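Here are a couple of exercises to work through with the model open in your viewer. Try each one before reading its solution.

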Amino acid sequence: MIRTREAGTLRVVDEREQVLLAGWVARRRDHGGVAFIDLRDSSGVVQVVIRDASIAEELRAEYCLKVVGEVARRPEGNENPDLPTGDIEVLATEIEILNRSDPLPFPVDEHLSVGEDARLRHRYLDLRREGPGHAIRLRSRVNRVAREVLYDLDFVEIETPTLTRATPEGARDFLVPARLQPGSWYALPQSPQLFKQLLMVAGMERYFQIARCYRDEDFRADRQPEFTQLDIEMSFVDQADVIGVGEAVISACWREIGHEIPLPIPHLTYADAMARYGTDKPDLRFGQELTELTSFFADTSFRVFQAPYVGAVVMPGGASQTRKQLDGWQDWAKQRGAKGLAYVLVGDDGELSGPVAKNLSEKERAGLAGRVGAAAGDCIFFAAGEASSARLLLGAARLEIGRRCELIDTTQWSFVWVVDAPVFEATSKAQDSGDVAVGAGAWTAVHHAFTSPKPEWIDSFEKDPAAALSEAYDLVCNGNEIGGGSIRIHRRDLQERVFAMMGVSIEEQREKFGFLLDAFAYGAPPHGGIAFGWDRVCALLAGVDSIREVIAFPKAASGVDPLTGAPAPITEAQRAEAGVDAEPIEPDEATETYAPKDRATG
RNA sequence: GGUCCCGUGGAGCAGUUCGGAGUGCUCGUCGCCCUGUCAAGGCGAAGGUCGCGGGUUCAAAUCCCGUCGGGACCGCCA
């Protein structure tokens with residue numbers, strides 16, 4: 001046995017106990033005749049007293065040690081109230097160096113800031129630090145809590161393939177060459193969506209998985225090419241059932257950090273969220289709701305406001321901004337693809353000023369501040385144009401106002417379910433970007449192609465696709481979408497109609513999703529589920545800004561792992577063997593890879 | 001695909017606006033001293049192609065162009 005006790009657990013009651021400790025030198029304080037080292041293991045630190053100067057002199061930061069000694073109460077007045085072990089110390093009788101350490105690339109020290117690049121290159125050192133290590137340990141606890149909740153509810157944990165079939169939905173796939181089928185490729189799953197639905201057909205009834213997912217898209221602070229979902233699917237349930245399970249899981253996770261979420265979590269419709277906050281993931285920790293002014297300006301002579309939608313958001317105290325700051329908002333808006341951000345300043349005397357004000361009629365000027373809820377000294381920002389883009393801009397402005405004016409109470413947790421999202425959205429923008437939208441139709445799925453329309457729309461969504469609502473629900477926390485799900489389509493005919501709406505031909509349906517449609521033909525049960533963005537959930541719980549903090553070995557924005565250097569070139573031999581360069585087969589033949597009997601091409 | 005920010009001894013920064021000697025700060029490293037510290041302290045020392053390439057200039061860390069790397073955002077991510 002290398003150690004008998006963990007360093008951070010020693011207390012006064014252990015006085016006079018002979019202990020064997022093992023850990024790292026966190027810090028050395030050498031006084032010549034006596035030296036102190038803080039010995040750190042995963043449980044914490046304890047002070048070790050070394051009387052032999054020749055031994056102490058040799059020790060350096062992060063040396064890995066075995067310490068034999070006796071626990072002793074510290075001399076009167078030398079206690080350290082900042083440490084859990086601060087009342088005692090270990091009088092070393094023997095020190096064995098288990099391993100030496102080179103000088104460190106950065107200090108393994110809590111109170112110093114270190115660049116992220118250096119941290120990730122030496123992540124094994126970074127994780128020795130309390131903060132980074134704590135985030136990873138917290139994630140483990142959160143995983144356990146979620147599993148416990150779901151096991152208690154009779155869920156079955158099932159692993160699904162990570163080498164699977166490319167489907168044309170959603171994001172770009174990561175592809176893996178199939179050595180045994182040269183020219184054919186596996187795809188890494190963007191989510192276990194199709195498999196979990198098949199598991200419902202398989203009668204598993206309650207499935208969950210902490211599932212690794214892969215999407216080959218550009219990075220953000222909250223996006224990695226491989227990420228984790230807590231994936232849940234249930235049979236014979238309605239929306240309220242799934243939401244109930246989601247709340248059980250999430251409330252248990254937040255209880256783990258000592259926060260009790262008031263249940264049930266309130267609901268907000270998608271339409272309300274867009275109208276009041278300009279986003280489908282509103283941060284409800286502050287107000288500054290958008291005001292729609294389309295009717296208010298219905299008869300305006302100001303051409304900019306003669307638009308299908310005019311809206312506003314108020315910046316409290318914004319009238320005192322300098323010209324430079326107001327110009328800054330214009331740049332800010334242009335960066336978001338807008339022409340600019342019109343504004344009106346409300347003077348201390350209530351008089352309106354700014355470039356827009358003189359274009360407004362007497363009546364408009366008189367009623368404006370009251371209509372948008374602006375007080376003297378405020379700034380009113382406007383957006384006019386198509387409702388969707390104008391609200392997007394105002395929603396972003398609202399968040400920026402919240403940040404700049406420090407309106408957000410960062411100690412609060414605000415949860416909300418956003419429900420009743422549309423089934424479809426127009427694909428005009430998706431088409432521009434190329435090949436990622438499902439199908440070639442004018443409509444694409446807001447949630448995904450397997451989301452059921454609400455019962456009242458099932459027979460009629462083709463008549464008014466823009467208005468049809470879906471049985472979908474997103475959970476939003478502090479302005480982050482942390483989970484989303486839906487009641488699924490479980491009837492083959494309905495699934496085929498939804499695909500058709502999105503312009504997916506029967507042939508393509510057979511080719512890409514034939515296995516799912518076939519499964520639905522055998523008594524598929526009604527089912528639905530939810531998936532949580534587990535990295536983001538853990539990041540929120542850990543109180544960190546980036547999901548990289550809750551991933552043991554995250555990748556940089558270029559997709560490179562700074563530690564291993566992956567991805568890396570392959571050898572000629574690997575290349576030849578992998579089948580990367582196999583001649584592509586004809587598309588018609590490719591169709592055969594699924595179901596030759598059902599070929600209906602040409 | 002686009003916009004912006006950053007790159008200066010091992011770490012974190014300042015210096016760049018307005019060109020004038022590799023100048024400065026905190027930490028670390030190495031050596032010596034030190035018997036009660038706990039982010040120990042004192043004295044001393046080493047350590048830099050200022051990311052890289054080109055240009056302007058008598059002179060470039062500083063200005064210009066390009067490029068590489070890191071980060072944030074827009075697009076994209078059902």
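**Exercise 1.** Work out the handedness of the crossing of H6 and H14, then describe the packing.

*Solution.* Step one: the crossing of H6 and H14 is right-handed, meaning that the near helix is turned clockwise from the far one by less than a right angle. Helices here are DSSP runs (H or I, at least four residues), numbered from the N terminus.

Step two: H6 spans residues 239-256 and H14 residues 534-542; they pack at about 35 degrees, axes 10 Å apart. Axes are lines fitted to C-alpha atoms over the stretch in contact, with angles running from 0 to 180 degrees between N-to-C directions.

Step three: on the H6 side, Val249, Cys253 and Trp254 meet Trp534, Val537, Leu540 and Leu541 of H14 (contact means heavy atoms within 4.5 Å). By class, that contact has 7 nonpolar, no polar and no charged residues.

A note on ground rules: this is a predicted model, where local features need pLDDT of at least 70, side-chain atom pairs need 80 or more, and totals for chains, interfaces and linings use all residues. Residues are numbered from 1 along each chain, chains are lettered from A and ligands numbered from 1 as written, and side-chain values use heavy atoms, leaving out hydrogens and water.

**Exercise 2.** Find which residues come nearest to RNA strand B.

*Solution.* Finally, a backbone N or O atom of alanine 557 sits 2.9 Å from a phosphate oxygen of RNA strand B.

Methods:
A residue is near a molecule or strand if one of its heavy atoms lies within 4 Å of it. A polar contact is a pair of N or O atoms within 3.5 Å; within protein, one must be able to donate a hydrogen and the other to accept it, and residues adjacent in sequence count only if both atoms are side-chain atoms. Helices (H or I, at least four residues) and strands (E, at least two) are DSSP runs, numbered from the N terminus. Ala, Val, Leu, Ile, Met, Phe, Trp, Tyr, Cys and Pro count as nonpolar, Asp, Glu, Lys and Arg as charged, and the others, Gly among them, as polar.
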